[in-house]
Amino acid sequence: MADKKNVYGFGFIPEESQHHFLVIIPRSTNGKVVIYERFKWQDGVEEQTIDPREDKPKVALSKHKWRLIEDTLKNEFNARLRKEKLPAGKWTVGQVPVHRLFGKEMVLLAWAIEDCDPSVIPTAIKNWLGLSPEERWWLFTMTNAATGGLNDKRGWRKAIRYALTENPVEETNKQLDIFDLLIQRKIDD
């Protein structure tokens, strides 16, 4: 019988790949939720140590904005985990590891809302949900290559915000409309 693999947070299995995202949720209501991209997992420790030379902070959100997207992320990821017969994840205060592909999708949505008015977050969520996981991965990859750091809030990062928060598209041609808007915003920058 094969050994049972440990699954942490939202689908992260270190035995398969150590590349993951780590969401740090503070206890304080006015603290920032910070998401790191990481390539190493420290086995046998209760809390991961953040290495500033290797672990890359991607985005920091107010706890208020995080609360507005956390249920959507949880529902989206858990539905896909169930299909793979993996345990569901949940957001808890402290550190929550996230599978690398889910992490890319999560960071994309977080980038879209990091500097927006909270009133447009439902639009961002609707537009984010309208994209396939593969489209989200592609958008993350393009944005990350150009402006993936914590404070890189220009270019692709700005275009993502406009595309997801200021583009209340109809159900038909949703993806095409978002990509057209992204290209236009990128050209305008």
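1. Let's start with a word you'll need: a residue is called buried when its relative accessible area is under 20%. Keep in mind, too, that this is a predicted model. By that cut-off, Phe21 is buried, and Phe140 is buried as well.

2. Those two residues also belong together. Phe21 and Phe140 form an edge-to-face aromatic pair, with 6.0 Å from centre to centre and 80° between the planes. Phe21 sits in strand 1 while Phe140 sits in helix 4 (residues 133-147), so their pairing ties together parts that are 119 residues apart in sequence.

3. How many aromatic pairs does the structure hold? There are nine aromatic pairs. One of them joins Phe10 to Trp91, and this one is tilted: 4.3 Å centre to centre, with 35° between the planes. Phe10 comes from the segment before strand 1 (20-25) and Trp91 from the loop between helix 1 (63-83) and strand 4 (94-99), so this pair ties together parts 81 residues apart in sequence.

4. Are Phe10 and Trp91 buried or exposed? Phe10 has 0% relative accessibility, so it counts as buried. Trp91 has 13% relative accessibility, so Trp91 counts as buried too. Have a look around them as well: ring pairs link Phe10, Trp66, Phe77, Trp91 and Phe102 into a cluster.

5. Now for the helices. Two packed helices are described by the angle between their axes and the distance between the axes. Take helix 2 (residues 100-113) and helix 3 (residues 121-129): their axes come within 10 Å and cross at roughly 150°. An angle over 145 degrees counts as roughly antiparallel, so helix 2 is roughly antiparallel to helix 3. The crossing of these two helices is right-handed.

6. Which residues make that contact? From helix 2 come Glu105, Leu108, Leu109 and Ile113, and they meet Ile121, Ala124, Ile125 and Trp128 of helix 3. Sorted by class, the contact of helix 2 with helix 3 has seven nonpolar residues, no polar ones and one charged.

7. Helix 2 has another partner to check. Helix 2 and helix 5 (residues 156-165) pack at an angle of about 85°, and their axes are 7 Å apart. Angles of 65 to 115 degrees count as roughly perpendicular, so that is how helix 2 lies to helix 5.

8. In this contact, Leu108, Trp111 and Ala112 of helix 2 meet Arg157, Ile160, Arg161, Leu164 and Thr165 of helix 5. The class count for helix 2 with helix 5 is five nonpolar, one polar and two charged residues.

Key:
Residues numbered from 1 in each chain as written. Predicted model: local features only at pLDDT ≥ 70, side-chain atom pairs only at ≥ 80, totals over all residues. Heavy atoms only, no water. Axes fitted to C-alpha atoms, helices over the stretch in contact; angles between N-to-C directions. Helix = DSSP H or I, 4+ residues; strand = E, 2+ residues; numbered from the N terminus. Parallel < 35°, antiparallel > 145°, perpendicular 65-115°, else oblique. Left-handed = near helix turned anticlockwise from the far one by under 90°. Contact = heavy atoms within 4.5 Å. Nonpolar A, V, L, I, M, F, W, Y, C, P; charged D, E, K, R; others polar. Phe/Tyr/Trp six-rings, centres within 6.5 Å; stacked < 30°, edge-to-face > 60°. Buried < 20%, exposed > 50% of the residue type's maximum accessible area, 1.4 Å probe, protein only.
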